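Hello,

Here is the structure I promised to pass on to you. Have a look at it first, and then read my notes below.

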Amino acid sequence: MSFLSRLPEDVPWRDVLLLVLGGSGLLFSFLGLAPVVGGLALDPAWIAVVLCGVPILKDAAEGLVTRFDIKADVLVSLALVAAILIGEIFAAGEVAFIMQIGSLLEELAVGRARAGIEKLVRLTPTSGRVLRNGEEVSVAADELREGDLLRVLPGETIPADGVIVSGESSVDQSVMTGESIPVDKMPGDSVTSGTTNMFGTFDMLATGVGAESAIRRMIRLVQSADAGKARIVRLADRWATWIVVAALTCALVTWLVTGEIIRAVTVLVVFCPCALVLATPTAIMAAIGNAARRGFLVREGDALERLATVRRVAFDKTGTLTRGLPEVVAARSFAVGLSDTELYRLAASAESRSEHPLGRAVLRCAPSLLCVADERPLSDPESFRMIPGRGVIARVDGHAVLAGNAALLESEGVVPLGDESCRDAVRHFEEEGCTIIRLALDGRECGFLALSDALRPDARQSVAEMRMAGVTPVLMTGDNARAARHMGRECGIEEIHASTTPEDKLSLIEGFQRKGEPVCMVGDGINDAPALKCATVGIAMGGVGSGIAMDAADIVLVNDEIRHLPFLLRLSRHMMNVIRLNLSFSMILNFAAVLLAVRGELGPVAGALVHNAGSVLVILNSALLLFWKSRKCSDGISATLG
């Protein structure tokens, strides 16, 4: 029992066992090791016929009777029954065994069940605090009504959409917008359900509750997007009706003309699309193995097939093109006798007790920015006070230090910067998409810190390679337009969509795909889940991404190395070339074998062996994908065998 518990859960061990037993039976039959039962020699090939063939017969009968669905299994079933009726048990067993291999490979290539919708449902707030007659009453989220006055405490999930009427705070909106930095909220600002109140307590008026709340709408988007995504149909099944008609017609004509039933049965056997069935799953499995070496977890079997058709790649910004963590990019002092480094030291000392993500970013960057030997270390604040939604007030080395937004400095009566060049510097960094922490010392504004989400070092190269491969990059972000434009310039992306909600991203992708432009969505946040589901292919960042985004995606980039994305695109295209070669070879082989069978030069057993040889060659050709590498040429990108 302990051994079984250690087996990988996603491997269909039942099919593996059937293959082992069926293959053993065929081997014993080939070697002539037939057991004698009741004085009669029992062909061990019956093991393969029963274990591997019966499931095929069952599925074919169910599809044909209940849905009149003619698939490749129907032709295989005809060949099995015909071979058994004329006593060619070994041929029947070989056909069943090969088809079972194809079935196993397809099951391995199919993605595991996804639980993203369930996780989204668990994010939905279950209760809220309603203010009635001056008292707080805890009410189930489904019982909230539009117009209710709600109170939200620090650390709580906001239970409904609404507008703040009193109180100030910072709200983590990453669930809905993907923004890495909490947004300061004041009376009159809107908030959405599912987001998290970080620090202050506030009262809000509910405007969207229950099914009309933002988080519930996003759940519906994910469900509808998943239901609407088309799946690629196996080529052998797509052509199955014509193959069955051609096989039966050819077999019947052969029987009528030659009068030899064995030739007709051989035609049915060699018409079996064994190599045709193996052509796609074997190539997919090999390509998946190659992709895994680059850190890609392919969760959907046909994801690479769909990726080969992509004409646009839509990138989320925060956590995808960027690291998802704010970093201090500049410290500017405008006070006489106060250096930039000393200004930063005072700011970091004041923020040392802050729980705000911006304060933690200032502290986190301190070791690299305060590395000058003659500078003093950080000081422990003599006093500290945090004002939600505005900033912090601290006393450091006998100085009153304020670090926060303009509203904090104004409320504390701080004398603003008078020099126009100082204000120009602030505007410059704001236009670059930076978040500004204004600093005041002893009642006078003295400078600022600029923080920005750092671009991944390989983002620009990845986007350039995607463009050279004929794919158009698109930036979709919930961040503001200034930050989006700056990031677009940095990465070389011209088409930019800023301040997008999950609904906006979904609509954009649907619009592209209606125009015949398949889209690959690359994202990391919960807010990207609907777009990841709807896109032709969804790729989630595994390192910084949310579990829900990974569950919604077809492919997960485990190590977050987006420089490998162009390789995955080239691999998918090369995989499709291998599949086309496999299909062409298998159809030519079938055609030649049918001609030989009609002429009587190929018997049922020999026909099955020809199919085995063809199937082996298809598998070997697909296996080369495991070792395939791409080579970028000077004139762009090309793919060759490495």
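**What I found**

Serine 499 lies in the loop between β21 (495-497) and α22 (502-514); helices (H or I, at least four residues) and strands (E, at least two) are DSSP runs, numbered from the N terminus. Before going on, please note that this is a predicted model, in which local features need pLDDT of at least 70, side-chain atom pairs count only at pLDDT 80 or more, and totals for chains, interfaces and linings use all residues. Residues are numbered from 1 along each chain as its sequence is written, and side-chain values use heavy atoms, with hydrogens and water left out.

You will find aspartate 397 in the loop between β16 (391-396) and β17 (399-404). With 33% relative accessibility, aspartate 397 counts as partly exposed.

Now follow the strands. β17 runs antiparallel to β18, and 4 bridges join them; two strands pair if DSSP finds at least two bridges between them. Leucine 402 has alanine 440 in β18 as its bridge partner. Is β18 mostly covered or mostly uncovered? Strand β18 (residues 435-441) is mostly covered, with 5 of its 7 residues buried. Strand β19 (residues 444-455) is joined to β18 by 7 bridges, again running antiparallel, and leucine 439 is partnered by glycine 447 in β19. The hairpin of β18 and β19 has 2 residues between the strands, and there aspartate 442 takes a positive phi near 50°.

Finally, a pair of helices. Helix α20 (residues 459-468) packs against helix α25 (residues 565-598) at an angle of about 25°, with the axes 8 Å apart. Axes are lines fitted to C-alpha atoms, for helices over the stretch in contact, and angles run from 0 to 180 degrees between N-to-C directions. That angle makes α20 roughly parallel to α25 (angles under 35 degrees count as roughly parallel, over 145 as roughly antiparallel, 65 to 115 as roughly perpendicular and the rest as oblique). Which residues meet here? Ser462, Glu465 and Met466 in α20 touch Leu565, Pro566, Leu569 and Arg570 in α25, where contact means heavy atoms within 4.5 Å.

Best wishes

Conventions: Buried means under 20% relative accessible area, exposed over 50%, partly exposed in between (1.4 Å probe, protein chains only).
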